[in-house]
Amino acid sequence: MSTGVERHANFPAPSAAAMASEAKDPQAGPGCCNPVKKPGHASLDHVLSALGETKEERESRIRSLFSFFDSNNVGYLDSSVIEKGLSAMQIPAGYKFAKELLEVCDANQDGRVDYQEFRKYMDDKELELYRIFQAIDVEHNGCILPEELWDALVKAGIFSLL
């Protein structure tokens with residue numbers, strides 16, 4: 001179910017090449033691309049490559065997401081607008097992200113998150129998610145196979161072997 005944030009956040013659409021590749025090999029998934037072939041160091045350039053985004057496109061996506069939350073166009077986010085934005089995305093207001101966003105992002109501890117603080121948070125989260133993906137993608141082909149996901153969940157103690 002789409003909440004509309006996808007449009008506001010300018011999430012990249014799959015490229016024609018990725019769609020053609022998926023048509024040939026449905027197991028490959030959309031836009032399979034893992035520029036880091038071994039676990040370890042990953043950078044925002046790797047994230048950009050995996051997303052198929054330019055730096056400008058990523059900047060636009062993050063700006064749009066910030067603007068989605070900053071619906072009053074005041075140039076900063078506080079707990080109430082963060083909760084309002086999360087609610088618009090159908091994420092419960094009490095969810096940990098509203099509190100985390102302020103605690104982690106608010107570098108100068110003024111109770112507000114400005115764009116630079118928000119962008120730093122997004123950089124850190126996207127790198128963290130890419131590293132998690134990279135760790136699960138054992139074959140380093142840009143796709144998480146069901147058995148790779150199962151193994152990761154078992155290793156994390158989320159599922160146990162019966």
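Reader: Before we start, what does "contact" mean here?

Author: Contact means heavy atoms within 4.5 Å. This is a predicted model, where local features need pLDDT of at least 70, side-chain atom pairs count only at pLDDT 80 or more, and totals for chains, interfaces and linings use all residues. Residues are numbered from 1 along each chain as its sequence is written, and side-chain values use heavy atoms, with hydrogens and water left out.

Reader: Thanks! Which residues is glutamate 126 in contact with, leaving aside neighbours within four places in sequence?

Author: Those are Val47, Arg58 and Arg61. With arginine 61, the glutamate 126 side chain makes a side-chain polar contact at 2.6 Å. A polar contact is a pair of N or O atoms within 3.5 Å; within protein, one must be able to donate a hydrogen and the other to accept it, and residues adjacent in sequence count only if both atoms are side-chain atoms.

Reader: Is glutamate 126 buried or exposed?

Author: Glutamate 126 counts as buried because its relative accessibility is 12%. Buried means under 20% relative accessible area, exposed over 50%, and partly exposed in between (1.4 Å probe, protein chains only).

Reader: And where does glutamate 126 sit?

Author: In helix H7. Helices are DSSP runs (H or I, at least four residues), numbered from the N terminus. Other buried residues of H7 include Phe118, Tyr121 and Leu127.

Reader: What happens at the start of H7?

Author: There, a side-chain oxygen of aspartate 114 comes within 3.1 Å of the backbone nitrogen of glutamine 116.

Reader: New topic: is isoleucine 158 buried or exposed?

Author: Isoleucine 158 counts as exposed, at 56% relative accessibility. Its place is in the segment after helix H8 (146-155).

Definitions and conventions: Helix = DSSP H or I, 4+ residues; strand = E, 2+ residues; numbered from the N terminus.
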